[in-house]
Every structure is written in structure tokens, then in C-alpha cells.
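Okay, everyone, thanks for coming. Let me put the model up, and then I'll walk you through a few spots in it.

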Amino acid sequence: TEFATIPFGVVMALSYTRMGALAFFFLSSTLLLSNAVLRNLSIIRYDQEEKLRQLTLLNTVSKEIISLRDENAVFQLLTEQIPRIVETQGLCIARRISNGKLRFYKEEITENSVLYRLSEKVVETRRPRFMTNTKRQSPDDLKQELQRESIRSVIFVPMLAGDTTYGVLGV
């Protein structure tokens, strides 16, 4: 689209000298709008290609998880592959260990951390927790700590199979 402006400039100059200011105005408006549409189509195409890449990676990881039989291998695979799909620094994966506590991978989250307590609530309720604005949507007992740690939004999803809660995936 950047190179398309050169021939359009020549056409606009000819239209101005031959047809007058009104024709020049209409032609330049049309060319400007067509350039904007082409740019938006290019952005949409890039977004679709990125979504396709993510879905392909997710499909590959799903197939690998199905082929595994060991919990430890599944959690190891998740910690290695999910950051490639999600592409975020704030990803945390917690596994429920034998004493009921959570063990976090990748992220350094301690038992007194607000994210640890939020993860525990998700495990207890077995329901996902979505907060797009922690100032307004967080529980009162966690609100100040979330703000102190500059956490603006969170998504925590329990990893369930039947009646068993295996862990939590959070962003």
C-alpha cells in the first residue's frame, strides 16, 4: 500500500490540472479511503494468520497431552508449551500436590502471595475467576494487595477432570 501512493499522486496531479479542484477533491478522497481500507485489510489478515498459528500450536499441544499418561509429564509439557501459545510473561501454572497445597511452575509465587490465595479460592470453588478491573471486581480481602502488587486484571481457570482438581492456570 505504501508504493501505491506514487501512481495515485501522478493521477491526482493530472486530474487537478485537467478537471479542476472539485474533481481533484473527489479523487483524492476516494484514493485516501481506498488506502485506509487496504491498510485495515492488511491488519485483519495479519491477525487471522496469528490466530491460525496459535490454534495450530494449541492443537499440537492438545495431541501431545492426550498421548501422555503421567501427571508430571503433562504439567511439564504445559509449562514448556503454553507460554509459546499465549506469549505472555504473567502466565502461572499451579499443580495441586498431595497435601492439598499448590505448587507453582515458572512464576515465583509464595504461599503468602495474593495470587496464591486467589488460586486457592479457584481450586476450592472449582470455578474460573475473571477480573478485568481488580479495583472494582476483586474480593474485599484481596483488593488492597492486588492494587499494591499492580495487578490490574486476572484470569484463573481450574484444571478439572471429573471430580478431581489438578491445578490452576492463570494469566
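**Strands, a helix and a loop**

Let's start in the sheet: Met159 has Gly167 as its bridge partner in E5. Before I go on, this is a predicted model, where local features need pLDDT of at least 70 and side-chain atom pairs count only at pLDDT 80 or more, while totals for chains, interfaces and linings use all residues. Numbering runs from 1 along each chain as its sequence is written, and side-chain values use heavy atoms, with hydrogens and water left out.

When I say helix or strand, I mean DSSP runs numbered from the N terminus, at least four residues of H or I for a helix and at least two of E for a strand. Strands pair if DSSP finds at least two bridges between them.

So, E4, residues 154-161, runs antiparallel to E5, and six bridges join them. Their hairpin has two residues between the strands, and Gly162 there takes a positive phi near 65°. E5 also pairs with E1, residues 92-96, again in the antiparallel sense, over four bridges.

Now zoom in on Val168, which sits in E5, residues 164-170. Buried or exposed? Val168 counts as buried because its relative accessibility is 1%; the cut-offs are under 20% relative accessible area for buried, over 50% for exposed, and partly exposed in between, with a 1.4 Å probe and protein chains only. Leaving aside neighbours within four places in sequence, its contacts (heavy atoms within 4.5 Å) include Cys92, Ile93, Ala94, Val122 and Phe156. Phe156 is 12 residues away from Val168 in sequence, and their C-alphas are 6.5 Å apart.

Next, helix H6, residues 140-148. Which of its residues are buried? Leu142, Glu145 and Leu146 are. They sit on the same side of H6, because they cover an arc of only 105° around the axis, taking the directions from the helix axis to the C-beta atoms. As a reminder, an α-helix has 3.6 residues a turn, so residues three or four places apart point the same way. The buried residues of H6 pack against H4, strand E3 (129-131) and helix H5 (134-137). Over on the other side of H6, Asp140, Gln144 and Arg148 are exposed. After H6 comes Ser150, with a positive phi near 55°.

Last stop: Ser113, in the loop between strand E2 (102-105) and helix H4 (114-125). Ser113 is buried, at 11% relative accessible area, and its side chain reaches the backbone nitrogen of Leu115 at 3.2 Å.

Technical notes. A polar contact is a pair of N or O atoms within 3.5 Å; within protein, one must be able to donate a hydrogen and the other to accept it, and residues adjacent in sequence count only if both atoms are side-chain atoms.
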